[in-house]
Amino acid sequence: MLREKGRRALVVYMTAGYPDPSTSLELLRALEQSGADVIEVGVPFSDPMADGPVIQASSQRALEHGITFDRVLELIGDAALGVPVVLFSYLNPILAAGQDALDRAAKAGAHGVLITDLPVGSDPALEERFASGPLAFVRLVAPTTPTERMAHIARHGSGFVYLISRLGVTGAREELPPELPKTIARLRQATGGGLPICVGFGVSTGAQAASVARLADGVVVGSAIVKAAGESVRKAAALTKNLRDAIDEA
């Protein structure tokens, strides 16, 4: 729908339960009101290996507040958002939540799921369970992924393809990788122009978001939003609005 309107998506990430449960609910609604098209809701996990220090700290704080998978779903249900919500999780919390975890998430109001540590081909039976479930199955692509594998990933995902702009953990960076335009072009060729391409990891400013929006279908911002949320909902909302305006003007 956004693509048809010539609009680039702003995808923002927040950790469920951070900085505390009640503020987290307020934050979810503020992110939507400030222009987010998709909100990734992070499921707190005790060993978030792919995350940088900001998101790691937020996950630990949320766990200290007793945020479980079911409380994440309660948060999503209570927020009753009008934009798509993607559960962003490591595999263990989903498996621990039981066979009906995805069905419960859909009933709570989630629209998609992204599993950070379930690469294509690692567990075909489990991947089929996610692919055939009620949620869009968003897959990750790294800049080092061969083109043939990019095409394979696109065929086994739905919703959008999340392109990691750089190797390493999440976190804001001063500059975007110089090879990013070529990586996006290669991924678009591999997907055949099907699934939208959203780019994340390292995007933190309006200028960076605008640069990505000129190349991709969407921009993902995580650590910068979480850092701002740690100061106040107002600050996170202001950053989201700034990112939205920059993307629209790109």
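Salt bridges turn up 10 times when the whole structure is searched, keeping in mind that this is a predicted model.

Take Asp37, which pairs up with Arg7 in a salt bridge whose closest N and O atoms sit 2.9 Å apart. Asp37 belongs to the loop between α1 (21–33) and β2 (38–42), while Arg7 is in the segment before β1 (9–15), so this contact ties together parts 30 residues apart in sequence. Arg7, at 30%, counts as partly exposed.

Asp37 also meets the side chain of Arg244 in a salt bridge, this time at 2.5 Å from N to O. Here the link runs between distant parts of the chain: Arg244 is in helix α11 (residues 233–249), Asp37 is in the loop between α1 and β2, and 207 residues separate the two. Both Arg244 and Asp37 are buried. Salt bridges with shared partners go on to join Arg7, Asp37, Arg244 and Asp248 into one network.

Then there is Arg8, which forms a salt bridge with Asp217, the closest N and O atoms being 3.4 Å apart. Arg8 lies in the segment before β1 and Asp217 in the loop between α9 (206–213) and β8 (218–221), so the pair ties together parts that are 209 residues apart in sequence. As for accessibility, Arg8 is partly exposed, with a relative accessible area of 29%, whereas Asp217 comes in at 10% and counts as buried.

Note on methods. Residues numbered from 1 in each chain as written. Predicted model: local features only at pLDDT ≥ 70, side-chain atom pairs only at ≥ 80, totals over all residues. Heavy atoms only, no water. Salt bridge = Lys/Arg side-chain N within 4 Å of Asp/Glu carboxyl O. Helix = DSSP H or I, 4+ residues; strand = E, 2+ residues; numbered from the N terminus. Buried < 20%, exposed > 50% of the residue type's maximum accessible area, 1.4 Å probe, protein only.
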